[in-house]
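Reader: I would like to learn how to read sheets and surface patches in a model. Please take me through them.

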Amino acid sequence: EETGIASDQTRGPSKKGTMRAIDVKRNGKSITQFDMYDFLLQGNKTKDVRLMPEDVIFIPPVGQLAAIAGNVKNPAIYELKGETRLLDLIGMAGGLSGTAFRGRVQVQRIDNNELRTFFEGNLIDIEKNSEKNFALRDGDLIKVFAVVDLKNTVTITGAVGNPGDFGVATGVTRVNDIIKMSGGLLYY
């Protein structure tokens, strides 16, 4: 398991094994090397080969890792391969969720194995702005925040037909409108 070889319990690469550079060897020679992320994230099986007796599946140690948390579809720790940029990591995580706020992203980074630094940014125009779509480093943690939950509602209680929360348009909805929407005042 030190090299990332699967154990009987895990049925795949262990946490110490890469999923990005798996090598299949036959008679001492590599016949294919594949990136399991191609299969897991895109369904690409083009590097899949039929195994023969005596073949060896070699799983080297895991490479650099970065995590993404918060409002993405699949928050997790992902293994980096080559130069991986922020948009690449968001893509591996399935993209932003419907509640993601593009106005804030936080990066936690370990510098020189001593100090954790934080920096804030946003995802607005990241597709066009290379400074925002920066290259990730081993150990980076990306946090994508949710949109602010602003309630555009008022609550009406008491002697009305249907008390509760009602949506309002700022500067448009009047008290009388809410009383009407709530079923009107009760006789008492």
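**Reading the sheets and a surface patch**

Author: Start with an open sheet of 3 strands, in the order E2-E1-E3, with antiparallel pairing. Strand E2 (29–34) and strand E3 (56–58) are at its edges; each has a single partner strand, so one side of each lacks a neighbour in the sheet. On average, neighbouring strands here are turned by 25° against each other, direction ignored. Keep in mind that this is a predicted model.

Reader: What holds strands of a sheet together?

Author: Strands pair through backbone hydrogen bonds, either parallel or antiparallel. In this model, strand E1 (residues 22–26) pairs with E2 in the antiparallel sense, over 5 bridges. Take Asp 23: its bridge partner in E2 is Gln 33.

Reader: In what order do the strands of the open sheet of 5 strands lie?

Author: The order is E5-E4-E8-E6-E7, and the pairing is mixed. Strand E5 (76–79) and strand E7 (115–121) are the edge strands, each pairing on one side only. The twist averages 20° from one strand to the next.

Reader: How many bridges join E6 to E8, and do the strands run parallel or antiparallel?

Author: Strand E6 (residues 100–111) and strand E8 (residues 141–146) run antiparallel, joined by 5 bridges. Val 105 has Val 144 as its bridge partner in E8.

Reader: Now the surface. Which residues form a nonpolar patch there?

Author: Phe 39, Leu 40 and Leu 41 do, with about 260 Å² of accessible area together. Leu 41 lies in helix H1 (residues 36–42).

Reader: Why is Leu 41 called partly exposed?

Author: Because its relative accessible area is 38%, and partly exposed lies between under 20% for buried and over 50% for exposed.

Notes:
Residues are numbered from 1 along each chain as its sequence is written. This is a predicted model: local features need pLDDT of at least 70, side-chain atom pairs count only at pLDDT 80 or more; totals for chains, interfaces and linings use all residues. Side-chain values use heavy atoms; hydrogens and water are left out. Patches are made of residues with over 30% relative accessible area and no salt bridge: like charges are joined within 9 Å, nonpolar side chains (Val, Leu, Ile, Met, Phe, Trp, Tyr) within 5 Å. Accessible areas come from the Shrake-Rupley method with a 1.4 Å probe; for residues, only the protein chains shown count as cover. A salt bridge is a side-chain nitrogen of Lys or Arg within 4 Å of a carboxyl oxygen of Asp or Glu. Helices (H or I, at least four residues) and strands (E, at least two) are DSSP runs, numbered from the N terminus. Buried means under 20% relative accessible area, exposed over 50%, partly exposed in between (1.4 Å probe, protein chains only). Two strands pair if DSSP finds at least two bridges between them. Axes are lines fitted to C-alpha atoms, for helices over the stretch in contact, and angles run from 0 to 180 degrees between N-to-C directions.
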